[in-house]
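Hi,

Here is the structure I promised to pass on.

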There are 2 protein chains.
Amino acid sequence: MRAVLFQDKQLSYQAEQEAPKAGPKDALVKVSKAGVCNTDLELVKGYMGFNGVLGHEFVGVVEACESQPQWVGQRVCVDINAACGVCDTCVVEKQPHHCPHRTVLGIVNHGGAFADYIVAPYYNLYPVPANVSDEEAVFVEPLAAAFEIPEQMKLAENPKAKGYRVIVQGDGKLGLLIAQVMRLYCDEVLLFGKHSSKMALVEPFGVTPVLITKTPVESFFKTADIVVEVSGTAAGLSQAMNLCKPRGTVVLKSTVAEGAALDLSPLVIDELTLLGSRCGPFDVALQALAAKTVNPLPLIQHRFPLEAGVEAMAVAASRGTLKVLLEL
Amino acid sequence: MRAVLFQDKQLSYQAEQEAPKAGPKDALVKVSKAGVCNTDLELVKGYMGFNGVLGHEFVGVVEACESQPQWVGQRVCVDINAACGVCDTCVVEKQPHHCPHRTVLGIVNHGGAFADYIVAPYYNLYPVPANVSDEEAVFVEPLAAAFEIPEQMKLAENPKAKGYRVIVQGDGKLGLLIAQVMRLYCDEVLLFGKHSSKMALVEPFGVTPVLITKTPVESFFKTADIVVEVSGTAAGLSQAMNLCKPRGTVVLKSTVAEGAALDLSPLVIDELTLLGSRCGPFDVALQALAAKTVNPLPLIQHRFPLEAGVEAMAVAASRGTLKVLLEL
């Protein structure tokens, strides 16, 4: 099969890569479209020491599924955390996303979706509703990660949440999705960023852009109930703590650790909550796309055939690029 | 009046210090006993740039209170956060402990309790029940800080809390109080420390001591629902994150910031909550002392007259010392 491979620190397109083999609990999915994520860009810099086919944001059609043949022909998104399904974390704690034995599609010990075929456990499959296009469905994985924030914070059950001021720090792909999602739960969402053209994409959803190159950030200090930090820097995290009201919450959404020096005294003095947040609920993201309460399509900036995967990765890595899709 | 003063970077005992003057909303309290806290030791190293009479853990008797004369003669503990009572944080948010205009008794712009007299707003006074001794009442401030943890985490309302494993890291004064308090809410509380004699003090309360010089800490990795970090080091915080189960909570209880390099990736990957925690509810601490559900008395190690306050501070600063009291 065709595939974009990262092997021995080299990124390459392979026309004749061996297709993955489905185990007894697996489905074989023919990939239709895939998206390039910042995590992919980190993996080719050495993150996780990954070797294999890249890609974890995708939509496809089930081609085979030995134990659950009713899935065959179904258009699906696939949860990227492939849990063992039998350990205490999976069964007792009901936290398969945190299964210590999990593989992660295209990230940890599991081949990815920049290829004609991918395999994954059948219990990771989510059917895509008819009114959700393939291009929308490609966004389900990062959109689920955005919906993880209101799920963890139980915002839907909190009668005060509507009145919260939320600040999202970072106007990249994930920041733009998170701003849209948070606006479904809270009436005031400020998006802090440096690119007015990007931020304009979410203004129609009621998100207020704040161009931090022109507006003094200090005027927002101690005013936010929730700050979502997506800029991924130590300076961003320090600023996030300063933006929070006492007893507010800073959500940390960042794949890459910095190991930078951090002064956590505001956390103690203001009794802040720092909440780590990773992967989220696919079903909630698919429901939102079906209900058209969020729209990721304006984020698509480039489309490449799979054969141009190496070039697609380079374009995605260039500063300020939004979503790059691979079409199979 | 007599006082232990920290002025121009010098700690001294003063026999003829001017007594503080009570404002219209203040009570004048004659101090009976006071305790030396680690924060006092930090203040004389330069923390907060403090100048004035030290001391914020104390019990006394109201000698004068212009606007609320019914307090006169009452034995009291006094909340150390003197809020303005009129700003949005005080009135709308109902968070006087976080009032941006607050002074803090013996810590921030407010004279302390290592003296014959202290003044404080009358609404900061808490009557001491008859069955709570002065020596017990001296512990109300740090005990309230310990009770802040279950209050913030709403443990009393959480039906799962009883079954939680809690690890308290640090067998100093505050760690010993926190271990006792957490044991009221959770059936398994492990106290990680280096001093078996200290840890033995809380064993009668059902706390399990773990001597970390003899037990490999790694065997507890990813097993705790809550880790309370009281050791105050960056290494301690890193270890706390490793001890937590996915989606667990690390409580940060530490006055001094380090600015050390920190790898926060476990926070994101395991979706941990890092919760800053500071001052707590005086009423809850007094109720617990009255109900005899906690007992801080075994923590008292030395008693000094106020005139020996400088020596008392030196003894408190020596490694491994538990509570040092000043008697007036």
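**What I found**

In chain B, V61(B) sits opposite R75(B), a residue of strand 6. Before I go on, please keep in mind that this is a predicted model.

That pair belongs to a run of strands you can follow by eye. Strand 5 (residues 57-65) of chain B is joined to strand 6 (residues 75-78) of chain B by 2 bridges, and the two run antiparallel. Strand 6 of chain B is also joined to strand 10 (residues 125-127) of chain B, again antiparallel, through 3 bridges.

Chain B has an open sheet of 3 strands in the order 2-1-4, with antiparallel pairing. Its edge strands are strand 2 (10-14) and strand 4 (52-53) of chain B, each of which pairs on one side only. Strand 1 (residues 3-7) of chain B meets strand 4 of chain B in the antiparallel sense over 2 bridges, and L5(B) is found opposite V53(B) in that strand 4.

Chain A has an open sheet of 3 strands as well, in the order 2-1-4 and with antiparallel pairing. Here strand 2 (10-14) and strand 4 (52-53) of chain A are at the edges with a single partner strand each, so one side of each has no neighbour in the sheet. Strand 1 (residues 3-7) of chain A pairs with strand 2 of chain A over 5 bridges, in the antiparallel sense. Within that pairing, Q7(A) lies opposite Q10(A) of strand 2.

**Where the chains meet**

How many residues of each chain are in contact with the other? There are 33 from chain A and 33 from chain B. Between them the two chains bury about 2900 Å², with 57% of that on carbon and sulfur atoms. On the chain A side, H98(A), V268(A) and E271(A) lose the most area to chain B, and together they make up 20% of what that side buries.

As for specific interactions, the rule finds 4 salt bridges across the interface of chain A and chain B. One of them links K245(A) to E93(B), with the closest N and O atoms 3.0 Å apart.

Which elements of chain A give two or more residues to the side that touches chain B? They are helix 4 (140-153), strand 15 (244-252), helix 8 (265-269) and strand 16 (273-276) of chain A. Sorted by class, that side of chain A has 15 nonpolar, 9 polar and 9 charged residues.

There is strand pairing between the chains too. Strand 16 of chain A and strand 16 (residues 273-276) of chain B pair in the antiparallel sense over 3 bridges. L274(A) has L274(B) as its bridge partner there.

**Cysteines**

The disulfide count over all chains is 0. C84(A) is in no disulfide, and the nearest cysteine sulfur, which belongs to C87(A), is 3.6 Å away. That pair is left out because a disulfide needs the two sulfur atoms within 2.5 Å. C37(B) is in no disulfide either, the nearest cysteine sulfur being that of C279(B), 9.5 Å away.

That's what I have for now.

Cheers

Notes: Residues numbered from 1 in each chain as written. Chains lettered and ligands numbered in written order. Predicted model: local features only at pLDDT ≥ 70, side-chain atom pairs only at ≥ 80, totals over all residues. Heavy atoms only, no water. Contact = heavy atoms within 4.5 Å. Buried area = accessible area lost by both parts, 1.4 Å probe. Salt bridge = Lys/Arg side-chain N within 4 Å of Asp/Glu carboxyl O. Helix = DSSP H or I, 4+ residues; strand = E, 2+ residues; numbered from the N terminus. Nonpolar A, V, L, I, M, F, W, Y, C, P; charged D, E, K, R; others polar. Pairing = 2+ DSSP bridges.
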